[in-house]
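Open the viewer and keep the selection tool ready.

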Amino acid sequence: MRPKFKGDPVLNLRHAVLPEIEQAIAAVEDFLQYEHPSTVARNLSGGLRELTKARASIGLAAVAAELESN
């Protein structure tokens, strides 16, 4: 069984986790502005899609946590 989380999930998701994902997305987007071999560019693009999906899922988790706390 997992231990109970003692912090504020909404604050942690919005102020700790999401900014990290945003920084990763920005870094990959910046990196994709340059010429890369096709395999590198293809994998970076796939990674960017996955990070974007993760951002959306974590954002939804923050909303769900906020609704649970009310």
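Contact here means heavy atoms within 4.5 Å. Start with the whole chain selected. Of its contacts with a separation of 6 or more, 63% are between residues 24 or more positions apart.

This is a predicted model, so local features need pLDDT of at least 70 and side-chain atom pairs count only at pLDDT 80 or more, while totals for chains, interfaces and linings use all residues. Residues are numbered from 1 along each chain as its sequence is written, and side-chain values use heavy atoms, with hydrogens and water left out.

**The whole chain**

Colour by secondary structure. The chain shows two helices and zero strands. Its radius of gyration is 16 Å, well over the 11 Å that the globule rule gives for 70 residues, so the chain is more spread out than a compact globule. That radius is taken over C-alpha atoms, and the globule rule is 2.2 Å times the number of residues to the power 0.38. Helices (H or I, at least four residues) and strands (E, at least two) are DSSP runs, numbered from the N terminus.

Now draw a box along the principal axes. The C-alpha atoms fill roughly 50 × 25 × 15 Å.

The accessible surface comes to about 5,600 Å², and carbon and sulfur atoms hold 59% of it. Areas come from the Shrake-Rupley method with a 1.4 Å probe; for residues, only the protein chains shown count as cover. Buried residues are 19% of the 70 in the chain. Buried means under 20% relative accessible area, exposed over 50%, and partly exposed in between (1.4 Å probe, protein chains only).

Select the charged side chains. There are 8 positive and 9 negative ones, and the centres of the two sets lie 9 Å apart. Lys and Arg count as positive, Asp and Glu as negative; His and the chain ends are not counted. Each charge is placed at NZ of Lys, CZ of Arg, CG of Asp or CD of Glu.

**The loop: His36**

Select His36. It sits in the loop between α1 (9-31) and α2 (38-69). Is His36 buried or exposed? His36 counts as buried, because its relative accessibility is 17%. Show polar contacts next: pairs of N or O atoms within 3.5 Å where, within protein, one must be able to donate a hydrogen and the other to accept it, and residues adjacent in sequence count only if both atoms are side-chain atoms. The His36 side chain reaches the backbone oxygen of Phe31 at 2.6 Å. Not counting residues up to four places away in sequence, His36 touches Phe31, Ala41 and Leu44.

**Where Val10 meets Glu66**

Go to Val10, in helix α1. Val10 is buried, at 12% relative accessibility. Which residues does Val10 contact, leaving aside neighbours within four places in sequence? They are Ala62, Ala65 and Glu66.

Jump to Glu66, in helix α2. Glu66 is partly exposed, with a relative accessible area of 33%. The C-alpha atoms of Glu66 and Pro9 are separated by 8.1 Å.

**Two last stops**

Pick Glu22 in helix α1. Glu22 is partly exposed at 37%. Its C-alpha atom lies 16 Å from that of Ala61.

Finish on Gly47, in helix α2. Gly47 is partly exposed at 29%. The C-alpha atoms of Gly47 and Met1 are separated by 32 Å.
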